[in-house]
Amino acid sequence: MSAIEVNFDGLVGTTHSYAGLAFGNLASQRSAGSVSNPRAAARQGLRKMKVLHDLGLSQAVLPPQERPAMDVLRQLGFGGSDAAVLAGAARSAPQLLAACCSAASMWAANSATVSPSADTADGRVHFTPANLISGLHRAIEPPTTARALRAIFADPSHFAHHAPLPAVEPFADEGAANHTRLCSEYGAAGVEFFVYGKSAFDSGPAPKRYPARQSLEASRAVARLHGLDARRCVCAQQNPRLIDVGVFHNDVIAVGNAQVLLHHERAFVDCAAVQRQLQQAFGEPPLCFVAVPEARIDAAQAVSSYLFNSQLVTLASGEMALIVAQECRRSPPVWCWLEELLERQTPIRRLVVTDVTESMRNGGGPACLRLRVVLTPAQLAALNASVLFDEPLFAALGAWVERNYRDRLTAADLADPALLVESRTALDELTGILRLGPIYPFQLVGA
Ligand code: SUG
């Protein structure tokens, strides 16, 4: 067996809610204040994993974060008992409480950037947790993400873990959402493609309305840390006009796998140059670029359907499947284009529709929910196997969700001390199921 791609999906946390926290993410802003259903969200996530598993793909899970983040609320000056901290935050700063309850870590594509061993100078898999400085609710993720990744990929002879980049604007890093790898086969050296929103040090175009969440300087730093060959790295700027219509990450407007890059024709500042650079870095054979014309699907339709946030995966047959959100089927222009795509001469032969509605309403589609990790058989054997998805784990996590998750959550519920107890109970059970050891602040107190 040569190297394979394993999709690590973020489990949805117990406090999944709609607080409109992500500026520039239109779905999140539109859903602000609506009632969420954490149980349905978690079930949908598990179902998507099951669909990929049943397609014969390798699937694994990443744990959610501890929420409410009591350590952060205390750091921000709320004191007393846990109930008093929650009540104080709800009374005087409900936005902070909402941020400290966000289940945004479900979007594992943002958790880290990962470079497979075939691309790195020391022949290990390299991980850099994203600093996610764009908003408080995400900026508090990296410490637990780092602990979870170290608990899963513990063997230092195979896995290298870096600290998140400095948490300042010039190094704004949102992880694999802006990172794509092209390769002839997973185990061969690939081209790592970094897409940034703006450069902190070079002048150049920048979005006017919404923030650019990835900086060129961050991408370059990650490439250096991972020991990548500069000749096999391409950095390209995302089209800032598209950021201003809601394309807050590259994975909202492009998706790649193996030799295929599917992208909107306006995805990058200079799409023709990007294609040229990628081909030059890749060498032979020719890459397959599938550019979607604006005349067929405009940027707004791409954002609302999340067409480009599909997962592009290689099946055992060698053919590729596109795992799309059901919103793609509901959009006539998008669905019509997808049906035509299957008739074309590309490796993409199959469409699989998934329901991740609860995540979509916060701006996260199928691809946001997963972190791709390419592993050799030896690396696969070296990781914590309890996170690998199979029928027994699917059943165990399904029962865990039914036991611990509410089916309705409003902003007012976030201050409920019972929710904190339920959430900690759930996470304690989960670290047992996944054999992670203590990774959460509440488990580490006094450790
Ligand atoms: O960071 N939504 C996430 C969605 C991330 C999607 N990920 C990728 N495209 N890879 C974000 O914007 C909304 C949370 C809220 O509003 O409560 C949020 O953070």
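What volume does the second largest pocket have? The second largest pocket has a volume of about 260 Å³. A pocket is an open set of points on a 1 Å grid over the protein atoms alone, with protein on both sides within 12 Å along at least five of seven lines, whereas a cavity is a set of points where a 1.4 Å probe fits but cannot get out; lining residues have an atom within 4 Å of a point. Grid points are joined across faces, edges and corners, and a volume is the space filled by probe spheres set on the points. Of the 17 residues that line this second largest pocket, Ala27, Arg30, Val303, Ser304 and Met360 are the closest to its centre. Helix 1 (26–31), helix 11 (299–305) and helix 14 (357–360) are the elements that give two or more residues to its lining, and helix 1 gives the most, with four residues. Helices (H or I, at least four residues) and strands (E, at least two) are DSSP runs, numbered from the N terminus. By residue type, the lining of the second largest pocket divides into eight nonpolar, six polar and three charged. Here Ala, Val, Leu, Ile, Met, Phe, Trp, Tyr, Cys and Pro count as nonpolar, Asp, Glu, Lys and Arg as charged, and the others, Gly among them, as polar.

The model is predicted: local features need pLDDT of at least 70 and side-chain atom pairs count only at pLDDT 80 or more, while totals for chains, interfaces and linings use all residues. Residues are numbered from 1 along each chain as its sequence is written, and side-chain values use heavy atoms, with hydrogens and water left out.

The chain as a whole comes next. It has 18 helices and 15 strands, and its C-alpha atoms fill a box of roughly 60 × 45 × 40 Å along the principal axes. For 447 residues, a compact globule would have a radius of gyration near 22 Å, and the value of 21 Å for the chain agrees with this. That radius is taken over C-alpha atoms, and the globule rule is 2.2 Å times the number of residues to the power 0.38. Of the 447 residues, 60% count as buried, where buried means under 20% relative accessible area, exposed over 50%, and partly exposed in between (1.4 Å probe, protein chains only). Among contacts with a separation of 6 or more, 76% come from residues 24 or more positions apart; contact means heavy atoms within 4.5 Å.

The interior can be followed through its nonpolar cores, each a set of buried Ala, Val, Leu, Ile, Met, Phe, Trp, Tyr and Cys residues joined through side-chain atoms within 4.5 Å. The largest has 100 residues, and Phe8, Phe153 and Leu338 have the most contacts inside it. Helix 13 (residues 332–343) provides the largest share of this core, six residues. Leu338 touches Leu307, Leu322, Val324, Cys328 and Leu351, not counting residues up to four places away in sequence. A second, separate core of 19 residues includes Val72, Phe78, Leu86 and Ala98.

Trp335 also lies in helix 13, and counts as buried because its relative accessibility is 19%. Leaving aside neighbours within four places in sequence, Trp335 is in contact with Val324, Cys328, Arg329, Leu351 and Val353. With neighbours within four places set aside, Ser359 is in contact with Gln44, Met106, Trp107, Gly364, Gly365 and Leu369.

The largest pocket has a volume of about 330 Å³. Its lining consists of 17 residues, and the closest to its centre are Leu57, Tyr186, Thr314, Leu315 and Ala316. Strand 1 (4–10) and strand 12 (311–314) each supply at least two lining residues, and the largest share, three residues, comes from strand 1. This lining divides into 10 nonpolar, six polar and one charged.

Of the 24 residues that line the largest cavity, Ala176, His179, Thr180, Arg181 and Arg372 lie nearest its centre. Strand 15 gives the most to this lining, with five residues. The second largest cavity has a volume of about 170 Å³; Ala22, Asn25, Trp107, His137 and Asn362 lie nearest its centre, among 19 lining residues.
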